[in-house]
Amino acid sequence: MGILNVTPDSFSDGGDFFSPEKALLHARQMIREGAAIIDVGGESTRPGAAMISVDEELTRIIPVIEAIKAESDIPISIDTSKPGVMSAAVDAGASMINDVRALQEAGAVEMAVALQVPVCLMHMQGGPQTMQLEPQYDDVVLHVKGFLQQRIDHCIAAGLLRELIVIDPGFGFGKTLAHNQALLRGLGQLLQFELPLLVGVSRKSMIAHMLGLKVDERRYGSISLASIAVWQGASIIRAHDVAATLQAVQVSYMCRTAGN
Ligand code: 7PM
């Protein structure tokens with residue numbers, strides 16, 4: 001899953017793809033490099049980032065979704081928590097919802113049920129404004145599992161088909177380095193849901209906390225973490241550097257699943 005941020009303030013690509021024209025060029029490159037899904041996001045989830053209106057989010061993402069759709073059949077995922085954005089994005093051609101708030105905003109579950117598209121439910125402790133202040137867990141893997149279980153149950157009870165659900169432990173969302181490391185080591189425990197597991201570690205600050213690298217220096221660490229996640233059973237990797245990440249996760253997957 002290639003990351004296409006259409007925000008003026010995204011932490012790791014500095015809003016490089018903010019104009020629809022630049023976003024389209026970047027989408028084309030990720031498609032050439034082998035992306036299976038393009039994840040289009042118009043709302044920054046950067047810690048402390050300002051909230052934006054539905055209209056502002058739509059102005060950012062709809063032209064980009066339409067432009068990709070006009071020349072490619074690649075599945076487009078919409079990174080949003082707002083029901084109005086989910087609906088407009090799917091109308092414009094998106095075929096998946098990626099919600100870092102796991103459909104907890106008012107009306108979001110109902111909208112996902114109405115749209116009948118795959119949905120990624122991600123764990124986050126606190127909100128984007130506060131999540132990195134002082135994250136705490138007794139057992140982060142158990143906590144994330146419990147949260148995902150609750151959200152899965154809630155969404156299914158509301159009418160979402162189980163086969164449309166993808167889960168994600170939300171690396172970096174209200175987690176310290178030790179929490180992120182424990183989640184990566186225990187990632188296999190999330191396979192108990194028997195749902196596809198999505199992991200996003202690309203350029204994240206956990207790499208900086210281990211190695212002290214700036215955001216544009218985290219490529220090799222990102223690729224290594226992606227490879228570990230696939231080794232642990234992840235089936236979708238959300239990444240900025242598609243070609244390099246794909247090569248790494250393909251060899252990881254092939255070694256993991258090879259017969260002998
Ligand atoms: C600050 C912190 C800025 C985190 C940007 C980010 C994920 C996601 C993001 C993830 C899923 C980034 C993230 N991360 N969606 N959206 N899983 N499903 O690195 O880990 O782009 S935003």
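Select Asn-5 and then Gly-41 in strand S2, which stands opposite Asn-5 in this predicted model. Widening the selection to residues 2–5 and residues 38–41 brings up strands S1 and S2, which pair in the parallel sense over four bridges. In a regular strand the side chains alternate between the two faces of the sheet. Along S1, Gly-2 and Leu-4 point one way while Ile-3 and Asn-5 point the other way, and all of these residues are buried.

Next, select residues 20–32 and residues 54–71, which are helices H1 and H2, with axes that come within 9 Å and cross at roughly 45 degrees. That angle makes H1 oblique to H2, and H1 passes H2 in a right-handed crossing. To see the contact, show the side chains of Pro-20, Ala-23, Leu-24, Ala-27, Arg-28 and Ile-31 on H1, together with Pro-63, Val-64, Ala-67, Ile-68 and Glu-71 on H2. Coloured by class, this contact has nine nonpolar, no polar and two charged residues.

Finally, move to helix H5, residues 140–157, and helix H6, residues 177–185, which pack at an angle of about 70 degrees with their axes 9 Å apart. H5 and H6 are therefore roughly perpendicular to each other. Which residues make the contact between H5 and H6? On H5 they are Val-140, Val-141 and Val-144, and on H6 they are His-179, Ala-182 and Leu-183; by class, the contact of H5 with H6 has five nonpolar residues, one polar residue and no charged residues.

Notes. Residues are numbered from 1 along each chain as its sequence is written. This is a predicted model: local features need pLDDT of at least 70, side-chain atom pairs count only at pLDDT 80 or more; totals for chains, interfaces and linings use all residues. Side-chain values use heavy atoms; hydrogens and water are left out. Axes are lines fitted to C-alpha atoms, for helices over the stretch in contact, and angles run from 0 to 180 degrees between N-to-C directions. Helices (H or I, at least four residues) and strands (E, at least two) are DSSP runs, numbered from the N terminus. Angles under 35 degrees count as roughly parallel, over 145 as roughly antiparallel, 65 to 115 as roughly perpendicular and the rest as oblique. Contact means heavy atoms within 4.5 Å. Ala, Val, Leu, Ile, Met, Phe, Trp, Tyr, Cys and Pro count as nonpolar, Asp, Glu, Lys and Arg as charged, and the others, Gly among them, as polar. Buried means under 20% relative accessible area, exposed over 50%, partly exposed in between (1.4 Å probe, protein chains only). Two strands pair if DSSP finds at least two bridges between them. A crossing is left-handed if the near helix is turned anticlockwise from the far one by less than a right angle, and right-handed if clockwise.
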